[in-house]
Amino acid sequence: SKRAIQVYEDLARGVSGNSWPVEIVQVRDLLVEHYLATGHRYQKAGDLEIAEKEFQKACQLDPAHRDARTELLECGALVAEKHGDVEGRLKRRRELADLHPDDVAAQIAAAKLLRKKWQKMRLAEYPGRAKEHRACVEAALGFLRRATALQPDAPQHLAQLAEAQLL
């Protein structure tokens with residue numbers, strides 16, 4: 001694996017512009033798939049931090065690879081949750097929702113975390129943070145609106161949207 005990466009990097013350095021030979025692209029794609037598979041194995045074994053590093057390697061090789069980006073964000077959210085990093089988890093869930101605007105579950109997951117955040121930020125307890133509180137509510141509303149647009153007949157999404165709009 002390390003030798004393949006070195007060969008890939010050497011080849012890529014020798015190519016200028018955007019016209020990469022097919023062989024380099026094929027090697028890159030194989031390496032990305034290798035890192036994704038390795039990341040999945042570590043994730044399944046419960047080694048989330050190592051899995052996250054493998055997904056990061058896949059993203060470094062191909063930043064436009066949507067599946068690699070998704071896996072990195074999903075795993076990163078789990079790592080953040082494991083370490084009690086609420087903001088890190090929220091950041092990754094928001095990025096996932098933006099990366100997958102047609103995924104209702106991603107929209108709801110981001111909205112739920114934002115809701116938890118705004119509930120903890122009761123204005124009475126944080127008098128100087130009204131703007132931050134409102135921004136949090138607005139962001140949650142945006143994700144709930146997406147979910148509602150994707151599944152207009154889902155009563156739970158409508159109820160969450162109505163509740164958020166009342167704040």
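**Helical packing in a predicted model**

The side chains of Lys-117 and Glu-87 are joined by a polar contact of 3.3 Å (a pair of N or O atoms within 3.5 Å; within protein, one must be able to donate a hydrogen and the other to accept it, and residues adjacent in sequence count only if both atoms are side-chain atoms). The model is predicted, so local features need pLDDT of at least 70 and side-chain atom pairs count only at pLDDT 80 or more, while totals for chains, interfaces and linings use all residues. Residues are numbered from 1 along each chain as its sequence is written, and side-chain values use heavy atoms, with hydrogens and water left out.

The secondary structure of the protein chain consists of eight helices and zero strands, where helices (H or I, at least four residues) and strands (E, at least two) are DSSP runs numbered from the N terminus. Of its 167 residues, 37% count as buried, that is, under 20% relative accessible area, with exposed meaning over 50% and partly exposed the range in between (1.4 Å probe, protein chains only). The chain exposes about 10000 Å², of which carbon and sulfur atoms supply 54%; areas come from the Shrake-Rupley method with a 1.4 Å probe, and for residues only the protein chains shown count as cover. Contacts (heavy atoms within 4.5 Å) between residues at least 24 apart make up 47% of those between residues at least 6 apart in sequence.

Lys-117 lies in helix H6 and counts as buried, at 19% relative accessibility. Beyond four places in sequence, Lys-117 touches Glu-87, Leu-90, Glu-132 and Cys-136. Leu-90, in helix H5, is buried at 4% relative accessibility. Leaving aside neighbours within four places, the contacts of Leu-90 are Ala-110, Leu-113, Leu-114 and Lys-117. The C-alpha atoms of Leu-90 and Ala-77 are 7.5 Å apart, with a sequence separation of 13 residues.

The largest nonpolar core has 18 residues, a nonpolar core being a set of buried Ala, Val, Leu, Ile, Met, Phe, Trp, Tyr and Cys residues joined through side-chain atoms within 4.5 Å. Ala-97, Ile-108, Leu-114, Trp-118 and Phe-143 have the most contacts inside this core. Helices H5 (86–99), H6 (104–120) and H7 (130–150) each supply at least two of its residues. Another core, apart from it, has 14 residues, among them Val-32, Tyr-35, Leu-48 and Val-79.

Helix H4 has 17 residues, and its first and last C-alpha atoms are 24 Å apart, close to the 24 Å expected at 1.5 Å a residue; the expected span is 1.5 Å times one less than the number of residues. Its buried residues include Leu-72, Leu-73, Cys-75, Gly-76 and Val-79. The buried residues of H4 pack against helix H2 (22–44), H3 and H5. Gly-84, which follows H4, has a positive phi, near 70 degrees. In H3, the end C-alpha atoms are 20 Å apart, in agreement with the 20 Å that its 14 residues should span. Among the buried residues of H3 are Leu-48, Ala-51, Phe-55 and Cys-59.

The loop between helix H3 (48–61) and helix H4 (66–82) contains His-65, which is buried with a relative accessible area of 16%. The side chain of His-65 reaches the backbone nitrogen of Ala-68 at 3.0 Å. Apart from neighbours within four places in sequence, His-65 is in contact with Val-32, Glu-33 and Leu-36.
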